[in-house]
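Here is a briefing on one protein chain. Look at the sequence and the model first, then read the points by topic.

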Amino acid sequence: MATSTVMQTFLASPVASSLVKNRSRVSNLFSATYVPRLRGSASKRVQCKAELDDQNMSAEPSPPPKPKVSTKFADVLAFSGPAPERINGRLAMIGFVAAMAVELSKGQDLFSQISNGGVSWFVGTSILLSVASLIPLFKGVSAESKSEGVMTSDAEMWNGRFAMLGLVALAFTEYVSGRTLL
């Protein structure tokens, strides 16, 4: 800091008219009104020492540490946790496709599908997908860490949201119209 202060005062001192013989030459070199002034045999010596760590000398920068994912049951299943919306979205995607497939093949609307044995299929699928979705989360693996390319975790979330809306719209449309959609 002392060296910096000395250099600033040295560079900011006004030019004495007696030290500069050719003013036009000096003003071309320095656009400011101040130029360094040299006194007789005065000399300045600046020393700088730097210590390098072994980590700083590596060619590749280390990747930033990943945030630790909580594996507590309450954190995983919290309202804003990673599991609820993802599991509901996966169930809605399967439910929408299954409802449309049965409607096309048998001609049954959504409510008759549920009353003709659809509840047991729904419960079985819900348990299987919930357990399969929770196991990686309890091991600390997030969906974002496994998503690459087109099949990202954000795309899965949006597809699940649209499937939830589609399933509700299908049920509402069939209820209001009193017949199958297709």
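Phe138 is partly exposed, at 33% relative accessibility. The term covers the range between buried, under 20% relative accessible area, and exposed, over 50% (1.4 Å probe, protein chains only). This is a predicted model: local features need pLDDT of at least 70, side-chain atom pairs count only at pLDDT 80 or more, and totals for chains, interfaces and linings use all residues. Residues are numbered from 1 along each chain as its sequence is written, and side-chain values use heavy atoms, with hydrogens and water left out.

**Aromatic pairs**

- The count comes to 3 aromatic pairs. Rings of Phe, Tyr and Trp (its six-membered ring) pair if their centres lie within 6.5 Å; planes under 30 degrees apart are stacked, over 60 edge-to-face, and the rest tilted.
- Phe138 forms a stacked pair with Phe73, 6.0 Å centre to centre with 15 degrees between the planes.
- This pair links distant parts of the chain: Phe73 sits in helix H3 (residues 73-76) and Phe138 in helix H5, 65 residues apart.
- Phe73 is exposed, with a relative accessible area of 56%.
- Phe111 and Tyr175 make an edge-to-face pair, 6.4 Å centre to centre with 70 degrees between the planes.
- That pair also links distant parts of the chain: Phe111 belongs to helix H5 and Tyr175 to helix H6 (residues 153-177), 64 residues apart.
- Phe111 counts as partly exposed at 40% relative accessibility, and Tyr175 counts as exposed at 64%.

**Overall fold**

- The protein chain has 6 helices and 0 strands. Helices (H or I, at least four residues) and strands (E, at least two) are DSSP runs, numbered from the N terminus.
- Along the sequence the pattern reads α-α-α-α-α-α.
- Of the 182 residues in the protein chain, 19% are buried.
- Among contacts (heavy atoms within 4.5 Å) with a separation of 6 or more, 67% join residues 24 or more positions apart.

**Helices H4 and H5**

- Helix H4 (residues 84-106) packs on helix H5 (residues 110-138) at an angle of about 145 degrees, with axes 10 Å apart. Axes are lines fitted to C-alpha atoms, for helices over the stretch in contact, and angles run from 0 to 180 degrees between N-to-C directions.
- On the H4 side, the residues in contact include Ile87, Leu91, Ile94 and Val102. On the H5 side, they include Leu110, Ser126, Leu129 and Leu134.
- By class, the contact of H4 with H5 has 9 nonpolar, 5 polar and 2 charged residues.
- Ser126 lies in helix H5 and is buried, with a relative accessible area of 14%.
- Ser126 and Ile94 are 32 residues apart in sequence, and their C-alpha atoms are 10.0 Å apart.

**Leu181**

- Leu181 is in the segment after H6.
- Leu181 counts as partly exposed, at 42% relative accessibility.
- Not counting residues up to four places away in sequence, Leu181 touches Met100, Glu103, Leu170, Thr173 and Glu174.

Methods. Ala, Val, Leu, Ile, Met, Phe, Trp, Tyr, Cys and Pro count as nonpolar, Asp, Glu, Lys and Arg as charged, and the others, Gly among them, as polar.
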